[in-house]
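Hello,

Here is the structure I promised to pass on to you. Please have a look at it first, and then read my notes below.

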Amino acid sequence: MVLTLNDRKVIAKRWADGDSAVSIAKGLGCAPGTIYAELTRGHTGELDLNSRPKYDPERGQAVYQANLRKRGSRGRRCKRPGTKGANEG
């Protein structure tokens, strides 16, 4: 699931309100691992009022976009001539 900036703002609000990552995931309809990864992505290095890692949705979005640019194209790989395909011999 790809999170939007609005999803990230919902995560930030609910996380600051003390909701668990699992309950946030249920509310957004995604896996808890997605929320945990996002909380790591947007971590500011500080603690919030609940003594949990502070999350910034704009930072999460910026890191996500930077990672997309670093990753490069994920286009289809062309089969090189002279090689066997998956369904051949």
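In helix α1, the buried residues are Asp-7, Arg-8, Ile-11, Ala-12 and Trp-15. They span an arc of only 140° around the axis, so they sit on the same side of α1 (the arc is taken from the directions that lead from the helix axis to the C-beta atoms). On the other side of α1, Asn-6 and Lys-13 are exposed. Here buried stands for under 20% relative accessible area, exposed for over 50%, and partly exposed for what is in between, with a 1.4 Å probe and protein chains only.

Before going on, a word on the background. This is a predicted model, in which local features need pLDDT of at least 70 and side-chain atom pairs count only at pLDDT 80 or more, while totals for chains, interfaces and linings use all residues. Residues are numbered from 1 along each chain as its sequence is written, and side-chain values use heavy atoms, with hydrogens and water left out. Helices (H or I, at least four residues) and strands (E, at least two) are DSSP runs, numbered from the N terminus.

Back to α1: its buried residues pack against α2, α3, β2 (53-55) and α4 (57-71). Just after α1 comes Gly-18, with a positive phi of about 100°.

**The nonpolar core**

Which residues make up the largest nonpolar core? There are 12 in all: Leu-3, Ile-11, Ala-12, Trp-15, Ala-21, Ile-24, Ala-25, Leu-28, Cys-30, Ile-35, Leu-39 and Tyr-55. Two or more residues come from each of α1, α2 (21-28) and α3, and α2 gives the largest share, four residues. By nonpolar core I mean a set of buried Ala, Val, Leu, Ile, Met, Phe, Trp, Tyr and Cys residues joined through side-chain atoms within 4.5 Å. In soluble globular proteins, nonpolar side chains tend to be buried together.

Leaving aside residues up to four places away in sequence, Ile-11 touches Leu-3, Ile-24, Leu-28, Ile-35, Glu-38, Leu-39 and Tyr-55, where contact means heavy atoms within 4.5 Å.

**Salt bridges**

How many salt bridges are there? The count is five, a salt bridge being a side-chain nitrogen of Lys or Arg within 4 Å of a carboxyl oxygen of Asp or Glu. One of them joins Glu-38 to Arg-8, at 2.9 Å from N to O. Glu-38 belongs to helix α3 (residues 32-41) and Arg-8 to helix α1 (residues 5-16), so this pair ties together parts that are 30 residues apart in sequence. Glu-38 is buried at 0% relative accessibility, and Arg-8 is buried at 1%.

Glu-38 also forms a salt bridge with Arg-41, at 2.4 Å from N to O. Both lie in α3, three residues apart, which is about one turn of the helix. Arg-41 is partly exposed, at 26% relative accessibility. Together, Arg-8, Glu-38 and Arg-41 are linked in a network of salt bridges.

Another salt bridge pairs Asp-17 with Lys-13, whose closest N and O atoms are 2.6 Å apart. Lys-13 is exposed, with a relative accessible area of 51%.

Best wishes
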